[in-house]
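The points are numbered and take up one topic each.

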Amino acid sequence: MQYTQYRQYTHRSVRIMPATVAVVLAAGLVTATAPTAHAAAGATLPFTSVEAESATTTGAKVGPDHTQGTLASEASGRRAVRLDAGQRVEFTVPRAANAVNLAHSVPDGQSGTLDVYVNGQKLTKTLAVTSKYSYVDTGWIPGAKTHHFYDNARLLLGQNVQAGDKVAFQATGVQVTVDVADFEQAAGPGTQPAGSVSVVSKGADPTGNGDSTQAFRDAIASAQGGVVWIPPGDYKLTSSLSGVQNVTLQGAGHWHSVVHTSRFIDQSSSSGNVHIKDFAVIGEVTERVDSNPDNFVNGSLGPNSSVSGMWLQHLKVGLWLMGNNDNLVVENNRFLDMTADGLNLNGNARGVRVRHNFLRNQGDDALAMWSLYAPDTDSSFENNTITQPNLANGIAIYGGTDITVKNNLVSDTNALGSGIAISNQKFLDPFHPLAGTITVDGNTLVRAGAMNPNWNHPMGALRVDSYDSAIEANVRITNTTVTDSPYSAFEFVSGSGRGFAARNITVDGATVRNTGTVVVQAETQGAATFRNVTATGVGAAGIYNCPYPAGSGTFTLTDGGGNSGWAGIWSDCSTWPQPGQGNPDPDPNRNLAKGRPATATGSQDVYTPGKAVDGDTGSYWESTNNAFPQSWTVDLGSAEAVRRLVLKLPPSSAWGARTQTITVLGSTDGSTYATVVGAARYRFDPATGNTATVALPDSTSLRYLRLSVSANTGWPAGQFSEVEAYRTS
């Protein structure tokens, strides 16, 4: 939201000391029952995205990285591809398409172009890239660094491509870091509705050279109760529109009708019935100035209004809504490259529905409700896809009554925010705290959460924050999926450091995979009940429970049944669990064994145990000869849900086919081992890459992986050139 200067967590410059801990969670958690099925998370989108790091490239891959202020940390998936002049990245098109949008970054102060190739043929068109809208500085926000490195640039290809075709981008005179490409089949321009008033008929210039502001105003005045038509073209507005009510503003589609202005509608009130659809509004906002209304809509559209099918880009905020906006519907829009919020319901929002929108690269909260002056009531954020908010939260609810956050997909948050924040932080008065029932259901959070530089400790993927007052509302968090959180999954905190309680919370039905530190991070007094919460790949411990300030009260976690995989408690409240104690891993396909410490019961000559995890299939471990059984062990660093092993021998014809008899064992403490897969014969054949794959049971969780070799038909010893361990089956 815009008033970020009031809201950062500056109290955490001190180390939290030990506090009394109340934990009612059972030490032996039972296997969870599956949560009730629910709708897929995220928006229904007309495009398919392809990550640059998964494409073919002559450039250099960067990342992954979660460190604030790096290109990789702001990238989708925390990875991207850097192209120097002459280098290219080639995407395999995933669907029929005639248009592409490319998320990219160029060095500060530079601009240039990318050459575009379709199936090897260079197009006459190029794609302009620039740093003009990037590298935003907000020095008044504690903890903020230069951020907002990426930008989006779109192009109609001028031809149809099919799934499997190749589209390549080649850098010319400027270095470009390519993040992700969105491919879509853009529809042709729509036709003018009967009876509508065209802005061109009122003197608007579709070439973008002349000022069309007055023509838009005249068309709106003439079309009261009807439709203002914005034909295909580019239109320049030099000042904002006001007095907009009882009218529809309609374009020929956002690929065809484009309005260039940083302030489209600015009005404090409206009688409503305003419908805005099917065109683009692209601004020229290059820095964030909170006192400027550099927004697509600033103020109010009035009751029973709607915004749909819009492309909104290079503004400060998409919709900053105050006043009466009852029953507003905001759906099927794209919000790109804002320097602050995507959308903020700033009090008095009743019955508002924000759904099926796509938001990328917002400079503050992507979607927010802030109950200033009056409570936002019975309003919802549903089925939105949010990626890469680069300063604050994906979704933030600051106060309000009977609010719903449902079936959203949030990924790759950065620096000062969580994927979802449910908060009583007021910023200004009069503020209306959370009340009634706050429903947080069916949301998926991927690589969400961040290291807050003000706290000097991490923020969870989903945060409940009693910042300025105790949480008394019923907070119902259900059917949540948290994947690859760099730190914790669920955080309960009083962000002001005053220890207000967070109560009346239930977490029911959650799947947590590969969280970097803990599943629950409790830092204030209060209570929550957990049911059917399952976790795998927990980095450090199940629970961190250290309320702040010390002695302020306890946070009670009640086991409602069906929980599993997160029973351990972080014991030292004087230190924070660090990702190094359970690395954040944004790549679920990472080989967990690579580079890890390896030992063996014996080895022959230079063929030491570490050769089996060095990433080089040409080197290998060989056990002491003629002394079966022999075992080889690797320490993965933390307990992992390993589902698959890939065992390799050097891929050389000099290595004849052989069969090794292998038993797979696992341990969580390095002393007591249990059999994971009983002794079996595995064939290694140069004709098939000298590789054998071992499937592990779904229940497997181990830190120490041991392979015991009892026979080898090709040599009197155990032999592996690589042992690879994966979380994926």
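1. The lining of the second largest pocket comprises 8 nonpolar, 8 polar and 4 charged residues (Ala, Val, Leu, Ile, Met, Phe, Trp, Tyr, Cys and Pro count as nonpolar, Asp, Glu, Lys and Arg as charged, and the others, Gly among them, as polar). The volume of this pocket is about 450 Å³. Of its 20 lining residues, Arg154, Val258, His260, Ile282 and Gln313 are the closest to the centre. A pocket here is an open set of points on a 1 Å grid over the protein atoms alone, where a 1.4 Å probe fits, with protein on both sides within 12 Å along at least five of seven lines; lining residues have an atom within 4 Å of a point. The volume is the space filled by probe spheres set on the points, which are joined across faces, edges and corners. Strand β10 gives the most to the lining, with 5 residues; strands are DSSP runs of E with at least two residues, numbered from the N terminus.

2. The model is predicted: local features need pLDDT of at least 70, side-chain atom pairs count only at pLDDT 80 or more, and totals for chains, interfaces and linings use all residues. Residues are numbered from 1 along each chain as its sequence is written, and side-chain values use heavy atoms, with hydrogens and water left out.

3. An open, antiparallel sheet of 5 strands has the order β3-β6-β11-β8-β9 (two strands pair if DSSP finds at least two bridges between them). β3 (56-57) and β9 stand at the edges with a single partner strand each, so one side of each has no neighbour in the sheet.

4. The whole structure contains 1 disulfide (a pair of cysteine sulfur atoms within 2.5 Å). The sulfur atoms of cysteine 546 and cysteine 573 are 1.8 Å apart, and the link is left-handed, with -75° about the S-S bond. Both cysteine 546 and cysteine 573 are buried (under 20% relative accessible area, with exposed over 50% and partly exposed in between; 1.4 Å probe, protein chains only).

5. There are 21 salt bridges (a side-chain nitrogen of Lys or Arg within 4 Å of a carboxyl oxygen of Asp or Glu). One of them joins arginine 727 to glutamate 640, with the closest N and O atoms 3.0 Å apart. Arginine 727 is buried at 11% relative accessible area, and glutamate 640 is buried at 5%.

How values were computed
Helices (H or I, at least four residues) and strands (E, at least two) are DSSP runs, numbered from the N terminus.
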